[in-house]
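Student: I have just opened this one and would like to go through it slowly. Can you help me find my way around?

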Amino acid sequence: ETNIASVWALPEVQEGHEAVVITPRYERTTLNDYWEHTHDVENTYRLVESLLKNTWNYGNPNRPDRADKVLKIDPQRVYCTGWSMGAMTSLWLMAKHPNTFAAGLIIAGQQRPADVVALAKQKVLIITGTLDDKATPWNEKCVPVWEHAGAKVTRPAEKLDPNLIFPVENQQKLTDQVDGYLGKGGNITFLTFQGVDHMNSA
């Protein structure tokens, strides 16, 4: 599941899309299915906040050409993603700090509709499976709440075929389908894979 974020740290990805990637690992549950959360959730946001100050020095004092390297992050291009508990945490952070994140990729995560109304003004791609009996129904409950709050939600009746995921080198058909839905102009796009349960959605 750490690959969901760390894939953007791969050298070949960084070469075309340079980015600072943060992948927190928690030693306990940060947010559970009863909507209870620990201080780790807000501490994660504080970490993001501190990075956005662009004062983190990661230089190497032993190399003159790298003696004073400071992270430079564009505050207009901060994105949030996660799977399962990470997705629930991402939804919570985006809802509570709507001016921080430009967009989010949510995989198999859910929140109570009343807690994520603020997402109606944000860009979000949500991915679930038809056999996920938590993430899919809870996000379905959120759709009318988001639409009532002004969101344009793309929620196709057609389900995605998980067989198109592999081989990874040949995902063009799936990519075209997803891009097609993203191109419909909705700020929230909610897609579901046929026959996929919670654990296999990773």
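Student: Is strand S3 mostly covered or mostly open?

Tutor: This is a predicted model, and in it S3 is mostly covered, with six of its seven residues counted as buried.

Student: Which strands pair with S3?

Tutor: Strand S2, residues 103–107, runs parallel to S3 and is joined to it by five bridges, while S5 also runs parallel to S3 and is joined to it by six bridges.

Student: What stands opposite isoleucine 127 of S3?

Tutor: That is isoleucine 107. For the pairing with S5, you can look at glycine 129, whose bridge partner there is phenylalanine 193.

Student: And what does isoleucine 126 touch?

Tutor: Leaving aside residues up to four places away in sequence, isoleucine 126 touches Ile106, Asn139, Trp146, Ile188, Thr189, Phe190 and Leu191.

Student: Switching to the core, which residues of the largest nonpolar core touch the most other members?

Tutor: That core has 31 residues, and the ones touching the most other members are Phe101, Val116, Leu119, Val124, Ile126, Trp146 and Ile188. At least two core residues come from each of helix H3 (39–51), helix H4 (85–96), strand S3 (123–129), helix H5 (135–148) and strand S5 (188–193).

Methods. Residues numbered from 1 in each chain as written. Predicted model: local features only at pLDDT ≥ 70, side-chain atom pairs only at ≥ 80, totals over all residues. Heavy atoms only, no water. Core = buried A, V, L, I, M, F, W, Y, C linked by side-chain atoms within 4.5 Å. Buried < 20%, exposed > 50% of the residue type's maximum accessible area, 1.4 Å probe, protein only. Helix = DSSP H or I, 4+ residues; strand = E, 2+ residues; numbered from the N terminus. Contact = heavy atoms within 4.5 Å. Pairing = 2+ DSSP bridges.
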